[in-house]
Amino acid sequence: MIPQGIPDMIPPGSTIGMLGGGQLGRMSALAAARLGYKTHVFTPEPHGPCAQACAAETVADWDDEEALAAFADSVDVITLEFENVPAPALELLSALKPTRPGSRVLAITQDRVAEKSFANQLGIGTAPWRLADDAAGIADAVRALGPSIAKTRRFGYDGKGQAVIADPDRADTAFAAIGHAPAIVEGRVDFTHEISVVLARGLDGQIAAYPAVENHHTGGILSSTIAPARVPAPVAAEADRIARRLADALDYVGVLGVELFVTRDGAVLMNEMAPRPHNSGHWTIDACPVSQFEQQVRAICGLPLGPTERFADAEMENLIGDQVDRWPTLIADPGARLHLYGKLETRPGRKMGHVTRLLARSGQQV
Ligand code: ATP
Ligand code: MG
């Protein structure tokens, strides 16, 4: 059964170690199970979305070295669905088992300054930005950049840890709003579209990329994705080129999400990278023969990557907070593919599930 000529392959029947216990891990575990792999999740929070779909669960803190070592011992390869795994935990794990993506990638993607510097060094444009360690730094940056967004360098997600600021005299308020944390200040990009590219890169450097998709946010949280993005072909091609360039330069292994802005004059700028399957790639479960989650399994296990062709266009809508209460209507809708994450508690702003609608290439629902 084991194909010849695939060095370092981790075959079906092996156990994948998953760091982080949320819905991305859950959907990865489901894809892993389909290919005959088991998943063991390491998470500080018990009985989450991922654990419900896993063969084994370790509930421990990221600084519990004994638990980390026992976890590594029980798995064949390690990946993650949570990009803020602390560096010491990753270093401990990667010394014991192949960890993909690894600590160099995480060091870059965990810090908005390192991430934007990395892109800029490759000649990839971003919003103009400045480092700011205090309110005075934020004020200086806003004077230089005009209307801006102050963001914590680390630990931001779903628009958390961000403050919009146009007036340098409001720097104290902005600095307080982001918890007095070290910051990056970004000039506000006047974009026509927010798009993203999700790709997988294998151990051999081969890349499989899905088409650029279009993302819409409400209150800083992704609300919907339209696949493919309604942008001119050269814009989509440029987004694809940027995402591949980043993945190659990181010597990336696994699934990478790259968020981008399309400016009014058609330039494509990187916003940020996610070193894991991405919310804007959920449509691939229903519209593509091989989903982003299966690509993640294939990439980290050294299997050949799958095709990224789609058999339909798609629209994905996140079910956030009590929007999940619509599930009885959605499940009865023959055109809706419903995905629920099994979260035990509904909270405002929490991603509870998503629904995908397939559209024929003509735009008609199929
Ligand atoms: P997520 O976890 O949803 O990806 P995040 O908290 O990591 O988000 P960003 O992606 O940096 O944060 O920002 C969230 C949203 O805020 C962006 O998708 C975009 O709509 C808006 N935004 C962020 N930075 C800028 C910018 N420099 N100019 C204009 N809009 C921006
Ligand atoms: Mg983002």
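Which residue in E8 stands opposite Thr-152? In this predicted model, the residue facing Thr-152 is Ala-183 in E8. This report describes the strands in question, then the ligand and metal sites, and finally a contact in a loop.

Strand E6 spans residues 148-152, and five of the five are buried, so the strand is largely enclosed by the rest of the structure. In a regular strand the side chains alternate between the two faces of the sheet. In E6, Ser-148, Ala-150 and Thr-152 point one way, while Ile-149 and Lys-151 point the other way. Residues on both sides of E6 are buried.

E6 pairs with two strands. With strand E7, residues 162-165, the pairing is antiparallel and comprises four bridges; here Ile-149 is placed opposite Val-164. With strand E8, residues 183-187, the sense is again antiparallel, over five bridges.

Strand E13 is mostly covered, with ten of its ten residues buried. E13 pairs with E9 in the antiparallel sense through ten bridges, and within this pairing His-193 has Val-262 of E13 as its bridge partner. E13 is also joined to E14 by six bridges, the two strands running antiparallel. In that pairing Leu-260 stands opposite Met-270 of E14. The hairpin formed by E13 and E14 has four residues between the strands, and Gly-266 adopts a positive phi near 90 degrees there.

**The magnesium ion**

The magnesium ion, ligand 2, has Glu-259 (OE) and Glu-272 (OE) as its protein donors, at 2.0 to 2.1 Å. How does the accessibility of Glu-259 classify it, as buried or exposed? Its relative accessibility is 16%, so Glu-259 counts as buried, given that buried means under 20% relative accessible area. Glu-272, by contrast, has a relative accessible area of 21% and is therefore partly exposed.

The shell around ligand 1 holds 22 residues, of which Lys-151, Asp-158, Gly-159, Glu-194 and Glu-272 come nearest. By class, this shell has six nonpolar, seven polar and nine charged residues. At least two shell residues are supplied by each of E6, E8, E9 (191-201), E13 and E14. Lys-151 is a member of E6 and is buried, and Glu-272 is also a donor of the magnesium ion.

| Residue | Distance to an oxygen atom of ligand 1 |
|---|---|
| Arg-112 | 3.2 Å |
| His-217 | 3.3 Å |
| Glu-259 | 2.9 Å |

On its own, ligand 1 has 610 Å² of accessible area, and the protein covers 91% of this.

Asp-111 is located in the loop between helix H4 (103-109) and helix H5 (112-121). With a relative accessibility of 7%, Asp-111 counts as buried. Its side chain and that of Arg-153 are joined by a polar contact of 2.6 Å.

Methods:
Residues numbered from 1 in each chain as written. Chains lettered and ligands numbered in written order. Predicted model: local features only at pLDDT ≥ 70, side-chain atom pairs only at ≥ 80, totals over all residues. Heavy atoms only, no water. Buried < 20%, exposed > 50% of the residue type's maximum accessible area, 1.4 Å probe, protein only. Pairing = 2+ DSSP bridges. Donors = N, O, S within 2.8 Å, 3.2 Å for Na, K, Ca; no water. Near = heavy atom within 4 Å. Polar contact = N/O pair within 3.5 Å; in protein donor to acceptor, adjacent residues only side chain to side chain. Areas by Shrake-Rupley, 256 points an atom, 1.4 Å probe, with all protein chains shown as cover. Nonpolar A, V, L, I, M, F, W, Y, C, P; charged D, E, K, R; others polar.
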